[in-house]
Amino acid sequence: MTQKNVINQTREVPPLTKEEFSLARKKLGKTQKQLAELLGVSLKTIHSYEQGWRTIPSHIERHIYFLLINQRGRRDSLQPCWEQKNCAVKDQCPAWEFQSGHLCWFLCGTLCECTHDVPQKGKLAICKECAIFTNLLS
């Protein structure tokens with residue numbers, strides 16, 4: 001087993017729980033029906049997530065985080081990831097190219113040393129432990 005595979009396995013973070021999903025919906029100020037429309041899924045799917053009948057897929061989890069982080073008024077004082085990490089390769093990174101330093105966790109192909117060449121599912125697990133990401137949700 002390669003060192004990279006060992007790192008990816010040790011950084012696995014469980015998917016969003018039904019309680020976390022429900023709390024996120026409430027923080028967004030959305031009814032189940034409104035969130036279903038926003039996520040492009042059925043109302044029954046939202047019920048299934050909140051009851052724990054279905055595992056919340058990673059693309060839905062990413063979408064929830066995207067919505068929470070980008071709520072009106074939350075982005076005004078954000079410091080981009082390349083400034084927080086003193087990035088030496090920022091001008092080659094998609095986060096800098098698209099001026100989305102608060103969305104580095106969301107974008108594929110970023111050059112952060114801890115997630116470079118990591119598949120998206122593994123990347124989210126790593127980013128969920130990063131101060132840049134956790135500060136966005138606080």
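Is C114 buried, partly exposed or exposed? In this predicted model, in which local features need pLDDT of at least 70, side-chain atom pairs count only at pLDDT 80 or more, while totals for chains, interfaces and linings use all residues. Residues are numbered from 1 along each chain as its sequence is written, and side-chain values use heavy atoms, with hydrogens and water left out. C114 is partly exposed, with a relative accessible area of 27% (buried means under 20%, exposed over 50% and partly exposed in between, with a 1.4 Å probe and protein chains only).

The structure holds zero disulfides, a disulfide being a pair of cysteine sulfur atoms within 2.5 Å. The sulfur of C112 lies 3.3 Å from its closest cysteine sulfur, that of C114, which is too far for a bond.

The chain contains nine helices and zero strands (DSSP runs numbered from the N terminus, with H or I over at least four residues for helices and E over at least two for strands). Of its 138 residues, 38% count as buried.

The axes of helix α3 (residues 32–39) and helix α4 (residues 43–51) come within 8 Å and cross at roughly 110 degrees; axes are lines fitted to C-alpha atoms, for helices over the stretch in contact, and angles run from 0 to 180 degrees between N-to-C directions. The two helices, α3 and α4, are therefore roughly perpendicular to each other, a term that covers angles of 65 to 115 degrees. Q32, K33, L35, A36 and L39 in α3 meet L43, I46, H47 and E50 in α4, where contact means heavy atoms within 4.5 Å.

How values were computed. Angles under 35 degrees count as roughly parallel, over 145 as roughly antiparallel, 65 to 115 as roughly perpendicular and the rest as oblique.
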